[in-house]
Amino acid sequence: MEKGKEPVYAIECKGITKTFGSVVANDHIDLNVKQGEILALLGENGSGKTTLMNMLSGIYHPDEGSIFVKGEEALINSPTDATSFGIGMIHQHFKLVEVFTAAQNIVLGTKEKLESPKVMKEKIDAICNKFGLEVDSDKKVYDMSVSEKQTVEILKVLYRGARILILDEPTAVLTPQETEKLFAILRKMKEQGNAVIIITHKLNEVLEISDRVTILRKGQSIETVVTAECDVNSLTELMVGRAVSLEIDRPEVEKKEAILKCVDLTIDSSDGTRGIEDVSFEIRTGEILGIAGVAGSGQKELCEGIAGLLKVKQGAILYNKENIVGKTPLEIISLGISMSFVPEDRLGMGLVASMGMTDNMLLKSYKKGKGPFIRRKPAKKLASELIKKLSIVTPGIETPVRLMSGGNVQKVLLGREIESSPNVLITAYPVRGLDINSSYMIYNLLNEQKKKNVAVIYVGEDLDVLLELCDNIMVLCHGKITGIVNAKKATKEELGILMTGGSTKGVTKVE
Amino acid sequence: MSNIATKTGKNEPLIRTIKRAELPKNRVIMLRLAALLLALIAGAIFILCIGNNPFAVYTTMVKGAFRSKLAFQGTVKLMIPLLITSLGLTLAFRMKFWNIGAEGQIIMGAVFASYFAIFHGDMPHWLLITVMMIAGMIGGGLTGLLPAYFKAKYNTNETLFTLMLNYIALNFVVFLREGPWADPTSPGYKKFALFPAEARLDKVFGIHAGWIIAIIVLIVVFIYTKFTKQCYEIDVVGESKATASYAGMNVKRIILRTMFLSGAICGLVGMIEVSGNAGTMTEGITRGVGFTAIIVAWLANLKPMSIFVIAALFSIMEKGSSVVESTFGVSEACADVLQGIILFFVIGCEFFIRYKFAVRKKGGKA
């Protein structure tokens, strides 16, 4: 490659516009990345980050505007085109074939003739050495940890000769230690002259890794700033559009009584694998118990087990000293144990996507009242109350919730659960994918419940938030408790070690 | 990088589809009317090609369905089974249970009802009719329950299951006709006995009372889908089984109950057809209604009142086509082609309600 003559920008977007129906997802966005630079793309939910990146990787077409690769205008019509331009995207959800080895996944879909395993391995090893990646190319994907799978994804795009890497929220599923490792790899890529675009919500990571930050707000590119000249507060202000306090309250509640106790709980997940094993803990009223762990460590099984959706294999769940194992979900709901579970996709199982707010309010209470007919009036009233109380933005009370934005959907879900005045409130990832404003509103809602002497279980992924919001944090790893710590005293690093506790043998157990 | 595709390389596809935001109601109606108009124009071209005057053919078609009292009665007779079957299917479809076994459910309903007509024809009229109706519903309901049970228990594919049951039911009728239920008084070829007068539905205003039953079913299904807890459960299960069990619903029981209801309504059609229309059991008792009803239910977006309108249109078209056949001497196939053209446009229009086309802009620039 002839240096010096090279144009300034590895990739440049000019006036990119993309609309979905009446929604303008991207409104004349400008963005550019130099070679050997890490650009962070920062923005609240629905600000159009993923849409923009999907256009760079050939999944969508821009309605207007143009993309330049190395100064030349490029038409990217398909992911294959993107590859030929040297653009590689690492998606948030991995796209790997579970039963294939790392090497097989890496070469999958390339046009060249299939090489012998030995040549393939050499090629892969060469790339690994260049960027400081570690991978066992003969290992099957189903045997891999999340971070290993991510490495394979990165290798996949590097193998195709990508010089421009786009990572969509790569740290969401990683422990702090794994994040560090990933960042080291990214820095190495930068040194080698690659351009990297990283999408993330986490401001401290933006500050740590990026050279410049482009901030999107409501589909527009607001500003591009040099990271070294920013701090958390200034970035937040740019992102939200005004100053926001970043403190999370942790109110103290006087009277605490044990309400829910799990004893030697073992639950299999729905696909028959072991979900959680021999888990024992208790939660008291007026307390928020955080549950930390790498995604898929048994959080889902634990929540569904308590709610009666999964069969408990062994052990007992004592609610006010009564064993609720074997009760139907309906009986458990009527005891006042409420779950607002937000699984992988936001609408998940808590809401009915095609129904409006009114009908969603009825989901758990439709059976109330005698006779075969459903009573929609109180639900309608409740829905309009929630809209006011939680400032939910929706075109109408009967608009299907799938048309509402993520933050509002979460508010509808949590709002309904809180209105049922539960005694135990289980929330899983209630702020996943939410912007700062909505997240803080959710934290406040949870704290309000805590003050009302509700026992709250908070399954979260952001360790900073867990440490600030919760009273105690229970760490799960491979379905086992690796420690229950006091959130006021614990550090992020300690949690990180506990989160990986199962994989390295003989770790210290904190009781 | 040698193979960089620039402006000279591959282009953006000339036309691509984009999902629309939800259209306002009047735009949707306009689109549907436009589709209907286009259908008539395309149909007209076809009619011209086979050497007839399109205006005359269209007028005959509409007139044919209404021109006399007899013609109108014929249209209503076609509409009764179509309307009720569509209503029955709607319940299953709202649960996203792909019941394409209405044919079989109708047949089994007819068989159960016929048993009483053939072997207990000496019962008092009203008692016999009531028993036949209940038997028809149970027959259809059980036929619907079978795939539902396996779906709930083993998660079998209901599409294949219900479809295959159609053939089992059909050949079960042949078996009955050939042996156990053959009319002993009939010389020569085997057939079912004609029902005694006690087993025939009364005529009201010249049409068998099936039309009253159809209206009752329409109102009941309308209220059921709009206001009951049970149908709320059906809708939730249809959207997501996980959500339903999260809300404390007994998903298996809901699947079984709904499919029994869906099958029972279809079974009732079987009873009406044998008792009101044919006056005996035959193999061809359904006249393919079980499949046409699938189209009707979907075109009506699974809404009972719209089903009434669509079923009426279908019946007018069918009756009108038969008159066109005899008046213009065109073959039955031509009438079918005409029906197909109209359906093609009407169903195709649904695509334009949900999507629109975007044409490539020059040079990829705005």
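Asn155(B) lies in the loop between helix H5 (125-154) and helix H6 (158-178) of chain B. Helices (H or I, at least four residues) and strands (E, at least two) are DSSP runs, numbered from the N terminus. This is a predicted model, in which local features need pLDDT of at least 70, side-chain atom pairs count only at pLDDT 80 or more, and totals for chains, interfaces and linings use all residues. Residues are numbered from 1 along each chain as its sequence is written, while chains are lettered from A and ligands numbered from 1 in the order in which they are written.

**Positive phi in chain B**

Most residues other than glycine have a negative phi. Asn155(B) has a positive one, although it is not a glycine. Leu302(B), also not a glycine, has a positive phi too. A residue is buried if 20 or more other C-beta atoms lie within 10 Å of its own, exposed if 12 or fewer, and partly exposed in between, with C-beta atoms placed from the backbone.

| Residue | Phi | Other C-beta atoms within 10 Å | Class |
|---|---|---|---|
| Asn155(B) | about 55° | 9 | exposed |
| Leu302(B) | about 60° | 19 | partly exposed |

Leu302(B) sits in the loop between H11 and H12 of chain B.

H11(B) covers residues 289-299. Its buried residues are Val289(B), Gly290(B), Thr292(B), Ala293(B), Val296(B), Ala297(B) and Leu299(B). Helices H3 (69-94), H4 (102-119), H12 (304-328) and H13 (332-354) of chain B are among the elements that cover them.

Chain B as a whole has 13 helices and four strands. Its C-alpha trace spans about 85 × 60 × 40 Å along the principal axes. Of its 366 residues, 40% are buried. Two residues are in contact if their C-beta atoms, placed from the backbone, lie within 7 Å. Among contacts in chain B with a separation of 6 or more, 79% join residues 24 or more positions apart.

**The sheet of chain A**

Chain A holds an open sheet of four strands in the order S2-S1-S4-S5, with antiparallel pairing. Strands S2 (23-34) and S5 (72-74) of chain A stand at the edges; each has a single partner strand, so one side of each lacks a neighbour in the sheet. Two strands pair if DSSP finds at least two bridges between them. Eight bridges join S1(A), residues 9-20, to S2(A), and the two run antiparallel. Lys18(A) stands opposite Asn26(A) in S2(A).
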